[in-house]
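This briefing goes with a protein chain and its model. Please look over both before reading on.

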Amino acid sequence: MLHSAEFWVAVAFVIFWGILFYNGVPGKVMNQLDSRGKRIADELAEAKRLRQDAERLLKEYESKRAAAEREAADIVSNARDEAERLAREAQEKMADFVKRRTATAEAKIAQAEAQASAEVRAAAVDAAIKASERVLRDEITGTTAASFVTASLNDVRTKLQ
């Protein structure tokens with residue numbers, strides 16, 4: 001038995017395990033495994049917390065994006081309504097401007113017609129006065145005739161104008 005290789009391998013194996021237990025190697029290995037397991041558990045917990053934070057931020061940004069899209073749609077809608085209102089106002093102002101310009105043009109035309117009519121009437125009165133004066137001067141003579149012609153012409157002027 002002392003010459004058997006298996007015996008000495010078994011003895012060396014027992015001594016090896018004895019030295020390991022004497023130095024507390026199994027306890028140290030167990031402590032390291034426990035600390036490594038705890039570290040891994042902490043990292044998993046941290047990863048879970050980070051994932052929850054990321055999900056919360058994602059939901060928050062999605063809600064902000066939806067709110068911004070609603071706000072943008074409202075702004076576009078308001079701008080469209082404002083543009084339509086401004087177009088209606090511009091059209092109304094243009095129609096009012098055209099009406100006023102038309103009325104002004106018609107008033108100027110009426111004024112020009114009245115002025116032309118007055119000028120024609122004045123020219124007719126002057127022509128009638130000159131014709132009357134010529135006829136009366138030719139037919140009536142003397143000082144009486146001159147005063148009569150002057151008085152008559154003044155009467156005709158006042159009545160025709």
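Is glutamate 46 buried, partly exposed or exposed? Glutamate 46 is partly exposed, because its relative accessible area is 36% (buried is under 20%, exposed over 50%, partly exposed in between, with a 1.4 Å probe and protein chains only). The model is predicted: local features need pLDDT of at least 70, side-chain atom pairs count only at pLDDT 80 or more, and totals for chains, interfaces and linings use all residues. Residues are numbered from 1 along each chain as its sequence is written, and side-chain values use heavy atoms, with hydrogens and water left out.

**Helices**
- Phenylalanine 16 lies in helix α1, residues 5-22 (helices are DSSP runs of H or I, at least four residues, numbered from the N terminus).
- Glycine 24, which follows α1, has a positive phi near 75°.
- Glutamine 52 belongs to helix α2, residues 25-139.
- Between the C-alpha atoms of glutamine 52 and alanine 107 there are 81 Å in space, and the two are 55 residues apart in sequence.

**Salt bridges**
- The whole structure has 10 salt bridges (a side-chain nitrogen of Lys or Arg within 4 Å of a carboxyl oxygen of Asp or Glu).
- Glutamate 46 pairs with arginine 49, with the closest N and O atoms 2.4 Å apart.
- These two, glutamate 46 and arginine 49, are separated by about one helical turn because they are three residues apart in α2.
- Arginine 56 and glutamate 60 form a salt bridge at 3.9 Å, N to O.
- A network of salt bridges links Glu46, Arg49, Asp53, Arg56, Glu60 and Lys64.
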